[in-house]
Amino acid sequence: MTAIDVAIGQCRLTAEIEDQPPLGWRFWSLAGFAGDPIDTNPYAGSRCLALTMVDVEGRDRWLCAMERDHSFRLLCTHDLLPSTDQAGAERFARQMLDDHARQPRLL
């Protein structure tokens, strides 16, 4: 397990991520967000990784690491659409977990 501290707007969360987080890319769709540069579908949002489910005020949300700006978002299950493109997913997941780990690793 890796514990990470993340900020999402004014909300701050601490979450525990399994050592092998789900590594499948997901596309999410939401009006008003620019499309993904890799998927030219006009309805696509930005690529993200769904890292773990968190409870936010009694509601389950997916804590997602967003590829485009390396931020975190809280998304509902129905916001996540599976994609077959896995290129770079593991490297991106490792980088996000390392960057936001609560305990820095010893050299």
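Visitor: Which residues have the most contacts inside the largest nonpolar core?

Guide: This is a predicted model, in which local features need pLDDT of at least 70 and side-chain atom pairs count only at pLDDT 80 or more, while totals for chains, interfaces and linings use all residues. Residues are numbered from 1 along each chain as its sequence is written, and side-chain values use heavy atoms, with hydrogens and water left out. A nonpolar core is a set of buried Ala, Val, Leu, Ile, Met, Phe, Trp, Tyr and Cys residues joined through side-chain atoms within 4.5 Å, where buried means under 20% relative accessible area (1.4 Å probe, protein chains only), exposed over 50% and partly exposed in between. The largest such core has 17 residues, and those with the most contacts inside it are Ile4, Val6, Leu51, Leu63 and Phe72.

Visitor: Which element supplies the largest share of this core?

Guide: Helices (H or I, at least four residues) and strands (E, at least two) are DSSP runs, numbered from the N terminus. E1, E2, E4, E5 and helix H1 (89-100) each supply at least two residues of the core. The largest share, five residues, comes from H1.

Visitor: What does Val6 touch, beyond four places away in sequence?

Guide: Contact means heavy atoms within 4.5 Å. Leaving out residues up to four places away, the contacts of Val6 are Cys11, Arg12, Leu13, Leu63 and Phe72.

Visitor: How many bridges pair strand E1 with strand E2?

Guide: Two strands pair if DSSP finds at least two bridges between them. E1 (residues 2-8) and E2 (residues 11-17) are antiparallel, and Thr2 has Ile17 as its bridge partner in E2. The bridges between E1 and E2 number seven.

Visitor: Which residue takes a positive phi in the hairpin of E4 and E5?

Guide: E4 and E5 run antiparallel, joined by eight bridges, with Met53 partnered by Trp62 in E5. Their hairpin has two residues between the strands, and the positive phi, near 55°, belongs to Glu57.

Visitor: Is Thr52 buried or exposed?

Guide: Thr52 lies in strand E4 (residues 47-56), where seven of the 10 residues are buried. Its contacts, not counting residues up to four places away in sequence, include Ile17 and Trp62. Because its relative accessibility is 17%, Thr52 counts as buried.
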